[in-house]
Amino acid sequence: MASLNVGNLGEYLREQRRNAQLSLRQLADAAGVSNPYLSQIERGLRKPSAEVLQQVAKALRISAETLYVRAGILDAERDRDDVETRAVVLADPTLTEQQKQVLLQIYESFRKENGFVGGDGAEDVQRGADAVPGTRTAGGTDADPQQTAG
């Protein structure tokens with residue numbers, strides 16, 4: 001079932017990219033991800049992190065929440081406040097990527113402690129932390145967090 005969501009996401013991204021009259025390379029550059037990685041997302045071969053989806057949404061000038069729903073990260077009616085909080089943290093230019101991930105992990109732990117977390121949130125935060133350059137690898141770049149994952 002997850003691959004259906006990812007495929008649906010890829011088709012939707014391709015449609016939005018074409019509507020914006022952007023080439024795959026132009027969108028990849030604007031979103032700060034590699035061209036091959038974006039191509040894999042569009043073809044439904046990769047499931048991007050919430051942070052990558054936010055970067056792509058910003059480049060396409062569309063709602064990140066829409067992409068989260070299409071990717072299966074968020075149910076349409078569930079966790080709207082949670083997604084908005086995460087988006088604000090991820091968009092804060094005054095924090096480093098590592099600080100953002102630590103803050104999201106703390107936020108997630110409080111939500112879990114208070115009984116408000118579903119299964120997806122913790123995985124997304126951890127996936128994001130794994131992809132942050134410098135947190136698990138010996139020194140990556142901000143260009144494509146997924147490249148460090150192999």
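In the predicted model, the axes of helix H2 (residues 24–31) and helix H3 (residues 35–42) come within 9 Å and cross at roughly 110 degrees. H2 and H3 are therefore roughly perpendicular to each other (65 to 115 degrees on a scale from 0 to 180 between N-to-C directions). Leu-24, Arg-25, Leu-27 and Ala-28 of H2 make the contact with Asn-35, Leu-38, Ser-39 and Glu-42 of H3, contact meaning heavy atoms within 4.5 Å. Four of the residues in this contact are nonpolar, two are polar and two are charged.

Residues are numbered from 1 along each chain as its sequence is written. Local features need pLDDT of at least 70 and side-chain atom pairs pLDDT 80 or more, whereas totals for chains, interfaces and linings use all residues, and side-chain values use heavy atoms, without hydrogens and water.

Helix H7 (residues 97–113) has 17 residues and spans 24 Å from its first C-alpha to its last, close to the 24 Å expected at 1.5 Å a residue. Its buried residues (under 20% relative accessible area, 1.4 Å probe, protein chains only) are Lys-100, Gln-101, Leu-104, Glu-108 and Arg-111. Viewed down the axis of H7, these residues fall within an arc of 95 degrees, so they line one face of the helix. Just after H7, Gly-115 adopts a positive phi of about 80 degrees.

Overall, the protein comprises eight helices and zero strands, helices being DSSP runs of H or I with at least four residues and strands runs of E with at least two. Of the 150 residues in the protein, 39% are buried. Among contacts with a separation of 6 or more, 52% join residues 24 or more positions apart.

Methods. Expected span 1.5 Å × (residues − 1). Buried < 20%, exposed > 50% of the residue type's maximum accessible area, 1.4 Å probe, protein only. Arc of directions from axis to C-beta. Parallel < 35°, antiparallel > 145°, perpendicular 65-115°, else oblique. Nonpolar A, V, L, I, M, F, W, Y, C, P; charged D, E, K, R; others polar.
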